[in-house]
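Here is a short briefing to read alongside the model. Please keep the viewer open as you go through the points.

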Amino acid sequence: MTSWRLVARAYSAINSGIRFPHAYCTSVALSGHRSFSTGTAVRKDFFKDVESHIKEFQEKASAAMPGSGWHPMHLTPGLPPERTDILIVGGGVVGWSIAYWLKKKEMIRDGVRVLVVEKDPTYSQASTVLSAGGIRQQFSLPENIHLSLASADFMRNINDHLSVLNDDPIDLQFNHSGYLFLASEKGAEIMEENYKTQRYAGAKVTLLSPTQLKDKFPWLNTDEVVLASYGLENEGWFDPWTLLNAFRRKAMSMGVFQCFGEVTGFKYKTHSIMTLDGDLVDLKRIRYVNVRMPNSLEYQPVECAIVVNAAGASAGKVAKLAGIGAGPEHTIGAIPVPVEPRKRFIYVLHCPDGPGLDTPFMIDYSGVYFRREGLGGNYITGMSPEEEEEPETTDLEVDHEFFQEKIWPHLANRVPAFEKLKVTSAWAGYYDYNTFDQNGILGLHPLVNNMYFATGFSGHGLQQSPAAGRALAELILDGDFKTLDLSALGFQRIFSNQPTLERNIV
């Protein structure tokens, strides 16, 4: 019998329940899948040979179809593998970006086994696809500016990075209309300071006087506007769903495993040490991650070397499962990961006489924003509520009174054409809101020495996902940030209670 027929016979028997003669029965373990027992281990050398042929078959199939997600040996579809090197909690755009960059950086094909676990198979509540899809460099913090600049460059050349053989080219529908920030007398000085920081970091922005603003955008009411900041390059909006799927498709073509399920707990080893201050601190190392299947009580422990918490708005909850924040009071072990969900509403408007094709992504000093959506007189708008008015996050129901009372008056004042509009639809999504300083948290947790974090972006995770994913992959595989120095976004600032505040939060 030829080697390929031997492989086919073994594989057929496993799937059909046919048993080989007793002398040939043993346990078959297929790479990346659970073990299947076919009887007593007598002729290990026989199935060792079978396994080697199966591996060869997989490699040849993969080489023949590098752009396909097809795999010949899926014995238990849906279940995660029992072991992986790196398990990423969260299959949003940040999680899949990290997965892509990990595989991009691996020195040997399949040298790093990566598993992405996402709890929402439909992505119906995913922050990525429920966002406004904007990208800007107009931040106050250099790290945020550099992250968005690098991400914009990635998106401009996305097919050089994420194209898959035999698949259609990626079209992000990137609209380069820029961001337009308006400042009142109160905020003009801060805008000037931010402008200097942005220009020094390499962002192409310009300041406009009220007269210049009116000349460029005659549909705008410039009353009480003292200064405006306008992005000239690398700013605008794009399709979030396309970016997410591009990362996901490319990462899976490179060998990343995907599993839909919810992380419900961790098994870890604990080692207690005494600090110089006399505090007892528990150091942990995660060994297993429990993954529960959707709509089921069944779960599977996955052994792993590294966990990445990219769970977005649920990142704080996932951290608690690892015991983070549960230490003795007044010790660093009692400090939680300061990330929680914040609900944000987005309303779709129709106004045939509204601003035209030159409309930027406008941010009024009141906090109200809007941008054009397509070519048919449609727009989307929203606003972050005051701290004391934050809505409940138990569901994604939309508060339509919020638009009537808080948003529309400012819209109609700034753009007179919006006095006559119609709300055609609306949705709600979650920010992974960092209550500490509204900036991303990127790095290894000091007390769980194999759990990395990429969360807390507070509304700018989507636009920074390409560069943030690369940065975390560097931190994991190289031991340090290589391309961008993002050490200021690590946990040290939280433990030392020194927030790095971002002024331009939308």
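Predicted model: local features only at pLDDT ≥ 70, side-chain atom pairs only at ≥ 80, totals over all residues.

**The β19–β20 hairpin**
- Strand β19 covers residues 441–444 and strand β20 covers residues 451–455; the two run antiparallel and are joined by 4 bridges.
- Between β19 and β20 lie 6 residues, and the two strands form a hairpin.

**Helix α4 and its neighbours**
- Helix α4 spans residues 142–156, which is 15 residues.
- From first C-alpha to last, α4 reaches 21 Å, close to the 21 Å expected at 1.5 Å a residue.
- Buried residues of α4 include Ile145, Leu147, Leu149, Phe154 and Met155, and also Glu143 and Asn144.
- The buried residues of α4 pack against the helices α3 (93–105), α5 (158–162), α6 (188–201), α8 (240–253) and α11 (461–477), and against strand β5 (134–135).

**How α3 meets α11**
- The axes of α3 and α11 come within 8 Å of each other and cross at roughly 40 degrees.
- The crossing in which α3 passes α11 is right-handed.
- On the α3 side, the contact residues include Val93, Ile98, Trp101 and Lys105.
- On the α11 side, they include Gly461, Pro466, Arg470, Glu474 and Leu477.

Technical notes:
Residues numbered from 1 in each chain as written. Heavy atoms only, no water. Pairing = 2+ DSSP bridges. Expected span 1.5 Å × (residues − 1). Buried < 20%, exposed > 50% of the residue type's maximum accessible area, 1.4 Å probe, protein only. Contact = heavy atoms within 4.5 Å. Axes fitted to C-alpha atoms, helices over the stretch in contact; angles between N-to-C directions. Left-handed = near helix turned anticlockwise from the far one by under 90°.
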